[in-house]
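Trainee: I would like a close look at a single part of this protein. Please walk me through it.

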Amino acid sequence: MSDDATASIPTSLSLSKLCVEATSQYVARFADEPQWIVAAPGRVNLIGEHTDYNGGSVLPAAIDRYVVMVGGPSDGDASCIVGADVDEEAVVQVTGAIKPGRITWSSYVQGVVAGFVNRGEQLYPFNALVRSSVPLGGGLSSSAALEVATATLLEAMLGEEILPLEKALLCQEAEHKFAGVPCGIMDQFSSVLSQQDSLLLLDCRSQVVEFVPFDDPAVTILIANSNVKHELTGGEYAQRRAECEAAAKTLGVETLRDVVSEQLEFASERLGSVNLGRVRHVVGEIQRTVDAANAIRAGRWQEVGQLMYDSHASLRDDFEVSCDELNLLVEMTKEIGDAGGVIGSRMTGGGFGGCTVSLVRTNAAQSITEVLAQRYFQQTGIQPTLFTTRPARGAHRIK
Ligand code: ADP
Ligand code: MG
């Protein structure tokens with residue numbers, strides 16, 4: 001995969017233009033019009049970070065940035081997938097026993113195909129081309145968007161839809177088994193189920209979804225990609241999960257969701273200072289997520305903003321998954337503040353790089369974007385990518 005795939009992702013390209021470009025690239029490659037066109041969005045999590053695998057709630061929105069897949073039947077025996085953004089082609093297997101192979105971008109596609117085959121669906125060889133406006137590896141869940149786009153393309157091929165919940169779980173399983181990422185359910189649920197102008201309040205334990213209207217035109221979501229990714233040793237996500245599991249065991253609960261704040265006061269010695277911080281984050285964040293959903297429903301934006309700042313501080317100090325660049329972006333946004341049209345800001349996604357999410361007054365979004373881009377570049381020498389979005393529609397078939 002080319003290193004600059006992320007840099008070349010056109011985050012400002014509209015969905016319709018993306019479809020037009022994908023179609024013409026497909027025609028150029030396969031000398032045939034695509035029969036199916038589908039789109040699946042990335043997502044941004046407004047609040048509720050590292051709560052999913054602890055049985056808590058998350059509050060994501062689909063962003064109006066999509067993975068588009070265009071496709072049609074193949075004349076031959078092989079199924080060829082073109083990754084136009086990564087400038088690579090891959091062959092995927094559509095029949096027989098499908099085993100996970102070496103992990104590459106097409107593993108996400110292959111994993112979903114395997115999920116359909118395992119359900120007993122009769123697939124046939126097809127060609128497809130992927131084009132996306134979701135940055136790769138930026139914490140906006142391009143991976144789930146790719147999986148859900150694949151699932152939606154296969155539904156188009158079969159002429160039938162599977163239940164949304166089953167579709168999301170099938171895609172999650174593909175990521176676990178074929179990409180080796182033990183992700184929670186937020187990304188796939190969000191890409192499948194989201195509705196325009198709504199946030200998704202998802203209880204990750206019961207898998208119950210509530211839609212929280214986010215339709216005040218005066219408030220906009222601003223995403224700032226720090227364009228850094230600190231790989232470190234790569235095992236931090238797994239390490240945090242392990243720490244949370246160990247802490248739950250120490251506290252005698254199934255998941256950290258079951259911890260009540262009072263319990264924490266008496267547990268500091270048993271947990272040790274590191275795990276105490278981890279638990280404090282998770283317990284506080286689960287509460288903040290529910291509080292934020294209520295505050296958004298009631299239009300109490302100042303409270304929402306404070307909860308976002310609190311979430312960031314907790315991720316930075318207690319859960320220790322932030323980094324200098326994310327802290328800088330949040331600080332700079334906070335500095336612009338209420339007077340400059342900022343409501344709140346925090347890092348979003350797993351951490352160690354990626355994006356911040358902010359809520360801003362719509363009429364100030366442009367000037368905030370310009371100021372942040374300029375100041376962040378001045379301080380770091382890195383060009384950030386900033387864009388605004390409204391909660392977007394989930395995966396759907398276009399043709
Ligand atoms: P995130 O989901 O936060 O964007 P991940 O590391 O989970 O980051 O997933 C990114 C990976 O998903 C990429 O490295 C690539 O393998 C695959 N992927 C996502 N979008 C595309 C795309 N448009 N074309 C090809 N592969 C993609
Ligand atoms: Mg991902």
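Trainee: In which sense do β9 and strand β11 (residues 353-361) pair, and over how many bridges?

Mentor: Keep in mind that this is a predicted model. β9 pairs with strand β11 in the antiparallel sense, over 8 bridges. Look for Ile 221, which stands opposite Leu 359 in β11. β9 has another partner, strand β12 (residues 385-389). Those two strands also run antiparallel, joined by 5 bridges. Here Asn 225 stands opposite Thr 385 in β12. Now the surroundings. Of the 11 residues of β9, 9 are buried, so the strand is largely enclosed by the rest of the structure.

Next, step back to the loop between β8 (208-213) and β9 (219-229), where Phe 214 lies. The aromatic pairs come to 3 by count. In one of them, the rings of Tyr 53 and Tyr 237 have centres 5.6 Å apart and planes at 75°, over the 60 degrees needed, so this pair is edge-to-face. Tyr 53 is in the loop between β1 (36-45) and β2 (57-58), and Tyr 237 is in helix α6 (residues 236-251), 184 residues apart. Tyr 53 counts as buried at 14% relative accessibility. Tyr 237, at 26%, counts as partly exposed. Phe 214 has its own partner, Trp 301: ring centres 5.7 Å apart, planes at 80°, so this pair is edge-to-face too. Trp 301 belongs to helix α9 (residues 301-317), so the pair ties together parts 87 residues apart in sequence. Both Phe 214 and Trp 301 are buried.

Notes:
Residues are numbered from 1 along each chain as its sequence is written. Chains are lettered from A and ligands numbered from 1 in the order in which they are written. This is a predicted model: local features need pLDDT of at least 70, side-chain atom pairs count only at pLDDT 80 or more; totals for chains, interfaces and linings use all residues. Side-chain values use heavy atoms; hydrogens and water are left out. Rings of Phe, Tyr and Trp (its six-membered ring) pair if their centres lie within 6.5 Å; planes under 30 degrees apart count as stacked, over 60 as edge-to-face and the rest as tilted. Helices (H or I, at least four residues) and strands (E, at least two) are DSSP runs, numbered from the N terminus. Buried means under 20% relative accessible area, exposed over 50%, partly exposed in between (1.4 Å probe, protein chains only). Two strands pair if DSSP finds at least two bridges between them.
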